[in-house]
Each structure stands twice: as structure tokens, then as C-alpha cells.
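Q: Could we go through this structure together, one part at a time? I would like to begin with a strand and its partners.

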Amino acid sequence: MADVPNDAPEHCPGTSSDQAGKSSACQGCPNQNICASGAAKAPDPAIEEIRQKLTSVKHKILVLSGKGGVGKSTFSAHLSHALASDDSKEIALLDVDICGPSIPKIMGLEGEQVHQSGSGWSPVYVEDNLAVMSIGFLLSSPDDAVIWRGPKKNGMIKQFLRDVDWGEVDYLIVDTPPGTSDEHLSIVQYLSGAGIDGAVIITTPQEVSLQDVRKEIRFCKKVKIPVIGVIENMSGFVCPKCKNTSQIFPPTTGGAQRMCEELNLPLLGRVPLDPRIGRSCDEGRSFLTEVPDSPAAVAYQNIIFPFFCSLKTLHLVYFSLFIYTDVISH
Amino acid sequence: CAVGILDVDLCGPSIPRMLSVGKPEVHQCDAGWVPVYADPQQKLAIMSIGFLLEDSDEAVIWRGPKKTALIGQFVSDVAWGELDILLVDTPPGTSDEHLAVLENLRKHRVDGAVLVTTPQAVSTGDVRREITFCKKTAVKILGIVENMSGFVCPHCSECSNVFSKGGGEELAKLTGSVFLGSVPLDPLLTATLEEGRDFLQAFPESSTYTAISQIVNTVLSSLDA
């Protein structure tokens, strides 16, 4: 984990930080002069290593939210399952929620371990064509806490991208923790050579969630990641007894629909609450196969299958813009 | 009871909206930053990065060290005045924000932590790690709250366990922690928070109010003990 050298003090800000060599924590560190001179801030060679490593990965998609608990990991897992239902495609799911890795449980892979080989870390396969990597596989107990500051988390993410032997992959889905901090910056930084196709943003209908989603959208704009679209999760609940719909999380400010209209972003779909989703996740099974007729499963399918088209369209749009700009400049 | 709320969720500060304090400016006095008061009697003081952003849609894209520095300031440089209780609302995880809060509060004594989970295993799975964090940092666990615990249909009163049921209580048993109680899913609670209204004042008869009150009383008794 080169961002925090082995001989660095406890509060090392990281060698690529603006505070490198200058923070009070740097006093007495043997690397202080190097960091302060800026020599340690040269582009991280890992970016190029990762670019080369990921040439075998065709599409990279981030799943973001602003708020926690809105269903990011649930969506990431089920997007991966749905994409992997096409046997001809190779899918990879990377969990960069270092402190709260939920993906192993949702994918039914709790207790699995990661193996090392000559070509790097082997991800854990849940299907022949669906590989998963998470810090969850490196922890020996479900009680283990990962009490790491930013620089150490960044180092882990670098290793996940550089040292995992993903092989030939059609779609790499990256599940993130909520927020706009170290994990998000690191994913963007380390994939700056390899490229990110875009981000899907998950929200609930509530304003407290949308408030944070707007920040997430600003983040994407700042780091130049295309927003593929927004999904409104937990959107209504149909009572199994009387079949009336209730808005458990009322869209007091117009929900994701109004926000998407205001920001000119696609609303990819709305997914209703269904107790069977939570149950499937807890049991490590895909609810798309467990309860395929549930309104929530149908909503997911309606979001995910046009997804292929939206990615292709994204490529077409950027390709066309590239050609256009090229023509204009000549 | 004079209460302070310190919102250290720097990337997703929700407290200002939930307490309907709008976008007031934060002023300085000799003793430091003046907190924002949610009430004219100044019994509820708040500090959040939400008050420091000019544009509420602005993203706080900070790495750990910068977050740590601001949290240090929030603890040391805010003129909280005389408080009976300081509540600290944290983001999910066991990282910079959590370490920064503890480091800065050490000299002032931390009474303990209330841990909130939904009933599902995916949530309790993360709270187990949070419990380990508390044990490792010597923070007493005041108890576990199971939130979003069941939904009573307003049309037919059928209770549905939208996010499963009982996980919080099981977690408390498993880890030897106090189970503080369950709070149901309640659209009235969600809507009043969204609109910045005081749920306890608006719906004093609701069973959600009773559930929350019981939890509060249990926590307060454990502080007095």
C-alpha cells in the first residue's frame, strides 16, 4: 500500500495528498522531505499498471448513491446476476465498501476465501461467468471491523484493481459505499487510465436521499463520469393483504422523477418495496430467480435489459462526438 | 434539557433539513463558532457542514485528513455552551469520521454509543463490525435500536415485515448488548422529517412516538446509572 509507506506515522495523510510532507503528522517521518518536495506526488505508476491489467475488461460501471441504506449493494448484486444470465458474457463484481462489505452475503459467498496465484488474487466465482471480489473475503470473522483511515482504504482499492486476476470481462460492476470520499476518489483516480463507462445512482423517493444524490451527481460531473441514470428504489409498497399501495418513503419533493427532470438525467426506473428482496439478500440468493414475477423483479428486469442499449448508446454518442470534433478541427 | 447535535456526516449532512433550520449562517464569537439553534429557547444546538456550504447541492469531495481536521474543529471550536447531552450523528462505517470524533472527544469523556440497524442480516452484519469498533475503541454500547421494524398498512392494519424482523434483537442477544427497542416504518415519521416538522409534537398519540420515547427513556436511565 504505497500511498501510506510502511515507515509513516499514524496520521500520515498519504503520499499523494496535498498535505504530504506538510501536515503536523509528518514531523519526524523519514519521508517528510521527499513528500514536501512533491517528488512523491508524481502520477502513481499503478494507474498505468491498472490500465494495462484492465484492457481485458470491456465495460466498467460504478453504482453510487449519496445516502446509505438505499439499496446500492442490492442493485449491484442483481445487476451482476442479470448480466450473467447471458452465458456468453463474463461479469465481475467489485465491492469497494471497505468498512461495510455486504456483497459476499448478498451473493451467498460468506465464508469464502481469496486465493493467490502467479497471476494475482483469484476472485470468488458465484457462477462460472460471475466473479466477485470484496474485502469481506479477506476477513476471518463476521465480527472483524476494518478500522482504517482513508490512505489505507485507498491502498486496498488499488490492489483490488491491480492485483486481482479478473481475466476477460464484459462488465465490471463496482459497488461503492455512500458518499463522495476516499473510496470514490480512489476508484476514479486508479481507473483514470482504464476509463469508466458511467455511473448508476440509486436513491429512495425521500428528499433527504435526493439531497445527497444531487451531491453525488455533482461529484460525477467534477470527475467527468457520465451518469447513465438514476434508479428510485423503495418506491411504494403494495400490502400483501389488501393490495393497496402505500408510500412508506413519501416523495415530498417530487421524488427522483422531478430531480431527473430538473437535472436532465434519465430516470431508469422505480423499484417497489418487497419483503422478499430483503429475504433473498439475507439468504444470498437472487430474487430475480427466486420470485421472477414479483413487481420488484419485473421492475429490475425493465431497468437492466435496456441497460445494454444505454451503454451501447453512450458509446455511440461519445464516438460520434469524437468524430465530430475531429472533423471540426481539420 | 439542553442538547447539542453534532452532524459529522460530512458527505451527506441530513440533520439541518430534518430539524428544519434552513440555511442560516454560522457566526463566530469569542468562544468560537456559534451553533445554530433549532428553537427560540436555545435548547437544541446544531452544528453541521450543511451550514457551511453556500450551495446545498455542493459535493464535499474530501479525503480522510481533511474530514478529520473539520471534525476536530467541530468538537473543539464550537461554542456549545452548557449542554446536558451532546449527540453525534455519524455516517455509516468505521473510518476517519468515527476515529476523528473519538479522538477529539476523548478528553471530554464519551458516555457511549447507540447503534441503529434495520432488521435484515445485511444490516446487522455491518453493525456487528460497528460493535467491534466500539469494543476496540473502548466506547460503551448503550444499546441497539431496530429501526424500520415492520410496517402497519394504514388501509387494513396488516403488519408487513418489509425489511424482515427481529434481527436487531437477535444481534443484541448474540453480542451481549442491551436491546433498546424497535421503531416501525412510519410514513408520517418520514414525511415530518422531510418537511422539518417535529414528529413528537405533531403525532403524540402514535405508536411510533411511544416506541421512540421508550428508547429515549432507557438511554437516559443508563446515563444516570
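Q: In β6(A), which residue is the bridge partner of Ala92(A)?
A: The partner of Ala92(A) in β6(A) is Ala131(A). Please keep in mind that this is a predicted model.

Q: How many bridges join β2(A) to β6, and do the strands run parallel or antiparallel?
A: Five bridges join β2(A) to strand β6 (residues 130–134) of chain A, and the two run parallel.

Q: And what about β7 of chain A, how many bridges join β2(A) to that strand?
A: Strand β7 (residues 169–175) of chain A is also joined to β2(A) by five bridges, again in a parallel arrangement. One of the pairs is Asp95(A) with Asp175(A) in β7(A).

Q: Is β2 of chain A mostly covered or uncovered?
A: Strand β2 (residues 91–95) of chain A is mostly covered, with five of its five residues buried.

Q: Which residues lie on each side of β2(A)?
A: Ile91(A), Leu93(A) and Asp95(A) are on one side, while Ala92(A) and Leu94(A) are on the other. Both faces are covered, as these residues are all buried.

Q: Let us move to chain B. What is the strand order in its open sheet of four strands?
A: The order is β4-β5-β1-β6 (chain B), and the pairing is mixed. At the edges stand β4 (36–37) and β6 (85–89) of chain B; each has a single partner strand, so one side of each has no neighbour in the sheet.

Q: How do β1 and β5 of chain B pair?
A: Strand β1 (residues 3–7) and strand β5 (residues 44–48) of chain B pair in the parallel sense, over five bridges. Within this pairing, Gly4(B) is opposite Ala45(B) in β5(B).

Q: New topic: how is chain B divided into domains?
A: Chain B has domain 1, covering 1–110, and domain 2, covering 111–224. Their centres, taken over C-alpha atoms, are separated by 22 Å.

Q: How many residues of the two domains are in contact?
A: On the domain 1 side of chain B, 13 residues are in contact with 14 residues of domain 2 of chain B. The two domains bury about 1100 Å² between them, and 57% of that is on carbon and sulfur atoms.

Q: Which residues of domain 1 lose the most area there?
A: In domain 1 of chain B they are Met18(B), Thr94(B) and Val110(B), which together account for 38% of what that side buries against domain 2 of chain B.

Q: How many salt bridges are counted between these two domains?
A: The count between domain 1 and domain 2 of chain B is one salt bridge. Arg109(B) forms a salt bridge with Asp111(B), in which the closest N and O atoms are 2.9 Å apart. Four residue pairs in polar contact are also counted between the two domains of chain B.

Q: Which elements supply the side of domain 1 that touches domain 2?
A: In chain B, α1 (15–18) and α3 (96–105) each supply at least two residues to that side of domain 1. The most comes from α3(B), with three residues.

Q: Changing topic again, where does Ser20(B) lie?
A: Ser20(B) is in the loop between α1 and β2 (28–29) of chain B. Although not a glycine, Ser20(B) has a positive phi of about 55°.

Q: Is Ser157(B) buried or exposed?
A: Ser157(B) is exposed, with a relative accessible area of 54%. Ser157(B) lies in the loop between β9 (151–152) and β10 (159–160) of chain B, and has a positive phi of about 65°.

Q: Finally, how many residues does each chain give to the contact between chain B and chain A?
A: Chain B gives 56 residues and chain A gives 61 residues. The two chains bury about 4900 Å² between them. Of the area that chain B buries against chain A, 15% is supplied by Ile61(B), Arg63(B) and Arg129(B), more than by any other three residues.

Q: How many salt bridges are found across that interface?
A: Four salt bridges are found across the interface of chain B and chain A. Arg128(B) forms a salt bridge with Asp143(A), where the closest N and O atoms are 2.7 Å apart.

Key:
Residues numbered from 1 in each chain as written. Chains lettered and ligands numbered in written order. Predicted model: local features only at pLDDT ≥ 70, side-chain atom pairs only at ≥ 80, totals over all residues. Heavy atoms only, no water. Buried < 20%, exposed > 50% of the residue type's maximum accessible area, 1.4 Å probe, protein only. Pairing = 2+ DSSP bridges. Domains from an automatic or database assignment. Contact = heavy atoms within 4.5 Å. Buried area = accessible area lost by both parts, 1.4 Å probe. Salt bridge = Lys/Arg side-chain N within 4 Å of Asp/Glu carboxyl O. Polar contact = N/O pair within 3.5 Å; in protein donor to acceptor, adjacent residues only side chain to side chain.
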